[in-house]
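Subject: Structure handover

Hello,

Please find the structure below. My notes on its salt bridges and on one helix pair follow it.

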Amino acid sequence: MLIKNVRIFDGISDHYFTGDVLIEGTKVAAVETSPIAEDPNTVVIDGVDRVLVPGMSDAHVHLFGLANTLFDMMLASQSHLIASTLARAKETLLRGLTAVRDMAGDTAGVKNVIDGDPVLGPRIYPSQAAIS
């Protein structure tokens, strides 16, 4: 994937710079201030001078708890609970969080699903059961 014509915030400098970003698989392969050549098989996105930032992470989330009510947790089916959690994970990714540390929820299965298809949600680092 090639993202062209974007203002890039690198997370270090206090200024943007304009350029292109080449992504191969799940890795950023190149960030250039000069145009990157397009390959016929590459998906090209015109950033229209928008700002591109690095993915953000949240070190304390409750995907399972935010996705389901207490009533759901007592009476809903497992498939309902997991489907709701996966939907909240997708919303989390679309807000710009590319990694989360999930606290005290059974998200290991959701993590495995997202690992297989990263567009479904952020990278999850599950802690599993609560200690308290």
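**Salt bridges**

The structure holds 5 salt bridges, a salt bridge being a side-chain nitrogen of Lys or Arg within 4 Å of a carboxyl oxygen of Asp or Glu. This is a predicted model, in which local features need pLDDT of at least 70 and side-chain atom pairs count only at pLDDT 80 or more, while totals for chains, interfaces and linings use all residues. Residues are numbered from 1 along each chain as its sequence is written, and side-chain values use heavy atoms, with hydrogens and water left out.

One of the salt bridges pairs Lys4 with Asp20, with 3.7 Å between the closest N and O atoms. Lys4 lies in strand S1 (residues 2–8) and Asp20 in strand S2 (residues 17–24), so this pair ties together parts that are 16 residues apart in sequence. Helices (H or I, at least four residues) and strands (E, at least two) are DSSP runs, numbered from the N terminus. Asp20 counts as buried because its relative accessibility is 6%; buried means under 20% relative accessible area, exposed over 50%, and partly exposed in between (1.4 Å probe, protein chains only).

Lys4 also meets Glu38 in a salt bridge, at 3.5 Å from N to O. Glu38 is in the loop between strand S3 (27–32) and strand S4 (44–46), so the pair ties together parts that are 34 residues apart in sequence.

Arg7 forms a salt bridge with Asp49, and here the closest N and O atoms are 3.7 Å apart. Arg7 is in strand S1 and Asp49 in the loop between S4 and strand S5 (51–52), 42 residues apart, and the pair links distant parts of the chain. Arg7 counts as partly exposed at 29% relative accessibility, as does Asp49 at 38%.

Salt bridges that share partners join Lys4, Asp20 and Glu38 into one network.

**Helices H3 and H4**

The axes of H3 (residues 78–94) and H4 (residues 108–116) come within 10 Å and cross at roughly 50°. Axes are lines fitted to C-alpha atoms, for helices over the stretch in contact, and angles run from 0 to 180 degrees between N-to-C directions.

Ile82, Thr85, Leu86 and Ala89 of H3 make the contact with Val110, Val113 and Ile114 of H4, where contact means heavy atoms within 4.5 Å.

Regards
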